[in-house]
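Please look over the structure below before reading on. The briefing then goes through its main features, topic by topic.

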Amino acid sequence: MTRGRRGASGARRGPERVERAVARVERMAKGGAGVVRLASGRVALVAGVAPGELVEVEAGAARDRGRLLRVLEPSADRVVPICPHAGRCGGCDWMHITEPAQRREHALIVTELVEHALPGAVVPAPVAHAAQSPLAYRTRARLLVRVSGGAARVGYRAAASHDLEAVEACAVLAPAVARAPVELASVLRGSRGEGDAEVAEGAGGRPVV
């Protein structure tokens with residue numbers, strides 16, 4: 001399979017070969033994607049997968065990023081994300097994976113990074129400290145704001161892109177700042193431009209921008 005592609009100047013550079021394969025997810029990687037080995041032996045990083053799943057994916061020859069087409073054998077670690085933006089928003093890569101599996105995979109990633117940095121060293125098993133709750137625990141966030149035609153849209157950058165995934169509330173933010181996206185959109189109505197907005201829970205549980 002081939003697809004046309006464009007260079008940095010926008011000129012078409014000719015067809016790009018796309019490889020499609022059915023493969024098992026070997027492990028999860030730093031950054032939230034799963035490691036999948038294609039039929040050619042090449043490794044691709046694929047978002048939205050869970051450890052051990054059998055999946056159908058595709059990837060361009062010039063990139064190590066793959067795209068999930070479908071899950072053929074779901075993992076026992078897979079769950080239905082509570083957030084309707086999961087999979088599109090770039091904020092929560094693993095919301096489709098159970099909390100115990102998230103801790104396990106994070107520990108494996110840390111171990112691998114330390115072993116890579118210290119070849120031959122005996123690395124003790126890291127201890128993962130879970131948040132008190134899998135939801136409503138983050139007290140700060142960086143939001144993306146875009147205003148067009150006087151209307152403000154606020155949310156997060158979409159997964160692996162600079163697109164805006166607008167949200168009205170964020171399930172992982174603490175109650176004091178969970179409604180910050182819709183409140184900022186109201187305050188910034190009629191302004192111009194785009195940029196980042198840092199929000200945090202301040203003294204007394206009040207939101208700070």
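What follows is a short briefing on strands, cores, a helix, cysteines and one glutamate.

This is a predicted model, in which local features need pLDDT of at least 70, side-chain atom pairs count only at pLDDT 80 or more, and totals for chains, interfaces and linings use all residues. Residues are numbered from 1 along each chain as its sequence is written, and side-chain values use heavy atoms, with hydrogens and water left out. Helices (H or I, at least four residues) and strands (E, at least two) are DSSP runs, numbered from the N terminus.

**Strands and hairpins**

- β7 (140-148) and β8 (151-157) pair in the antiparallel sense over five bridges. Strands count as paired if DSSP finds at least two bridges between them.
- Val-145 has Val-154 as its bridge partner in β8.
- β7 also runs antiparallel to β10, joined by eight bridges. Here Val-147 stands opposite Gly-193 in β10.
- The β7-β8 hairpin has two residues between its strands. Gly-149, in the turn, has a positive phi of about 60°.
- Gly-149 is exposed, at a relative accessible area of 86%. Exposed means over 50%, buried under 20%, and partly exposed in between (1.4 Å probe, protein chains only).
- Gly-149 and Arg-192 are 43 residues apart in sequence, yet 8.2 Å apart in space, C-alpha to C-alpha.
- Arg-37 has Val-43 as its bridge partner in β4.

**Nonpolar cores**

- The largest nonpolar core has 22 residues. Such a core is a set of buried Ala, Val, Leu, Ile, Met, Phe, Trp, Tyr and Cys residues joined through side-chain atoms within 4.5 Å.
- Leu-143, Val-154, Tyr-156, Leu-173, Leu-184 and Val-199 touch the most other members.
- β7, β8, α2 (180-187) and β10 (193-201) each supply at least two residues of this core. β7 gives the most, with four residues.
- A second, separate core of 17 residues includes Val-25, Ala-44, Val-57 and Ile-109.
- Beyond its neighbours within four places in sequence, Val-154 has contacts (heavy atoms within 4.5 Å) that include Leu-143, Leu-164, Pro-181 and Leu-184.

**Helix α1**

- Helix α1 (residues 99-117) has 19 residues and spans 27 Å from first C-alpha to last, close to the expected 27 Å. The expected span is 1.5 Å times one less than the number of residues.
- Its buried residues are Ala-101, Glu-105, Ala-107, Ile-109 and Thr-111.

**Cysteines**

- The structure holds zero disulfides (pairs of cysteine sulfur atoms within 2.5 Å).
- For Cys-83, the nearest cysteine sulfur is that of Cys-170, 6.6 Å away. Cys-83 is buried, with a relative accessible area of 16%.
- For Cys-92, the nearest cysteine sulfur is also that of Cys-170, 5.9 Å away. Cys-92 counts as partly exposed, at 21% relative accessibility.

**Glu-165**

- Glu-165 lies in strand β9 (residues 164-166). Glu-165 counts as buried, at 12% relative accessibility.
- The Glu-165 side chain makes a polar contact with the side chain of His-85 (2.8 Å). A polar contact is a pair of N or O atoms within 3.5 Å; within protein, one must be able to donate a hydrogen and the other to accept it, and residues adjacent in sequence count only if both atoms are side-chain atoms.
- Leaving aside neighbours within four places in sequence, Glu-165 is also in contact with residues including Arg-88, Cys-89 and Tyr-156.
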